[in-house]
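Here is a short briefing on one protein chain. Please look over the sequence and the model first.

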Amino acid sequence: MLLKSLMQWIHVGSVVLMIGGFFFFRVVLLPIAKRFPKPEALVSSALRRFSGIVWTALLTVLISGLYNFITFFRAARAIAATGSFVSDYSLYILVLGVKLFIVFLIFTLAIVLTFPYPVFDVFQKKPTPWLNLTVVLGLIVIFLSAFLRRLG
């Protein structure tokens with residue numbers, strides 16, 4: 001029980017830190033950076049600095065999400081094996097699939113925005129639309145997670 005609670009806390013905390021960080025960049029840092037002589041340099045430097053948090057969050061979300069996924073389906077399988085509770089998990093699996101696809105998109109955007117690779121410079125020099133998309137997708141994932149909690 002303690003491990004399950006700890007893993008959920010790590011999972012939710014990592015998502016909140018990462019999406020909150022991208023929200024901060026979009027809503028606070030970008031407007032302030034426009035007042036500086038070289039806003040691109042400030043934003044690029046801040047994104048590189050933020051990359052450590054992003055990469056740590058990506059790793060902890062992946063590990064804790066896998067743990068949560070395995071424990072949920074083990075419990076569901078154990079309940080189904082007893083025959084005492086019959087439930088249709090098709091809606092749960094559908095919503096989970098949509099959530100995982102959106103998470104994949106967020107992971108991709110996070111990598112593109114923070115990984116210091118020349119091919120990503122185009123996105124990192126003009127991050128506004130990508131930050132908008134990342135934040136919106138992150139909020140959708142948080143909503144879907146809350147919805148799944150009520151289903152499971």
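Helices (H or I, at least four residues) and strands (E, at least two) are DSSP runs, numbered from the N terminus. F143 and F147 both lie in helix α5 (residues 128-151), 4 residues apart, about one turn of the helix. This is a predicted model: local features need pLDDT of at least 70, side-chain atom pairs count only at pLDDT 80 or more, and totals for chains, interfaces and linings use all residues. Residues are numbered from 1 along each chain as its sequence is written, and side-chain values use heavy atoms, with hydrogens and water left out.

**Overall build**

- The chain holds 5 helices and 0 strands.
- Its pattern along the sequence reads α-α-α-α-α.
- The C-alpha trace spans about 70 × 25 × 25 Å along its principal axes.
- Of the 152 residues in the chain, 34% are buried. Buried means under 20% relative accessible area, exposed means over 50%, and partly exposed lies in between (1.4 Å probe, protein chains only).
- A contact means heavy atoms within 4.5 Å. Among contacts between residues at least 6 apart in sequence, 76% join residues at least 24 apart.
- The chain exposes about 9900 Å², and carbon and sulfur atoms supply 74% of that area. Accessible areas come from the Shrake-Rupley method with a 1.4 Å probe; for residues, only the protein chains shown count as cover.

**Aromatic pairs**

- Rings of Phe, Tyr and Trp (its six-membered ring) pair if their centres lie within 6.5 Å. Planes under 30 degrees apart count as stacked, over 60 as edge-to-face, and the rest as tilted.
- By this rule there are 13 aromatic pairs.
- The W55 and F115 rings have centres 5.8 Å apart and planes at 55°, so this pair is tilted.
- The pair links distant parts of the chain, 60 residues apart: W55 is in helix α2 (residues 39-82), and F115 is in the loop between α3 and α4 (121-125).
- W55 is partly exposed, at 36% relative accessibility. F115 is also partly exposed, at 34%.
- F143 and F147 form a stacked pair, with 6.5 Å centre to centre and 20° between the planes.
- F143 is exposed, with a relative accessible area of 55%. F147 is partly exposed, at 33%.
- Ring pairs also link F22, F24, F25 and F50 into a cluster.

- K99 sits in helix α3 (residues 90-114). Is K99 buried or exposed? K99 counts as buried because its relative accessibility is 13%.
- The side chains of K99 and S145 are joined by a polar contact of 3.1 Å. A polar contact is a pair of N or O atoms within 3.5 Å; within protein, one must be able to donate a hydrogen and the other to accept it, and residues adjacent in sequence count only if both atoms are side-chain atoms.
- Leaving out residues up to four places away in sequence, K99 touches H11, V141, L144, S145 and L148.
- A110 is in helix α3 too. Its relative accessibility is 0%, so A110 counts as buried.
- With residues up to four places away in sequence left out, A110 touches M18, F22, V54 and L58.

**Nonpolar surface patch**

- F23, F24, V27, V28, I32, F36 and L42 make a nonpolar surface patch of about 590 Å².
- Patches are made of residues with over 30% relative accessible area and no salt bridge: like charges are joined within 9 Å, nonpolar side chains (Val, Leu, Ile, Met, Phe, Trp, Tyr) within 5 Å. A salt bridge is a side-chain nitrogen of Lys or Arg within 4 Å of a carboxyl oxygen of Asp or Glu.
- Helix α1 (residues 2-33) gives the most to this patch, with 5 residues.
- V27 lies in helix α1. V27 is partly exposed, at 42% relative accessible area.

- K4 is in helix α1 and is partly exposed, at 41%. The C-alpha atoms of K4 and Y67 are 8.5 Å apart, and the two are 63 residues apart along the chain.
- A41 lies in helix α2 and is partly exposed, at 43%. The C-alpha atoms of A41 and K125 are separated by 8.6 Å, and the two are 84 residues apart along the chain.
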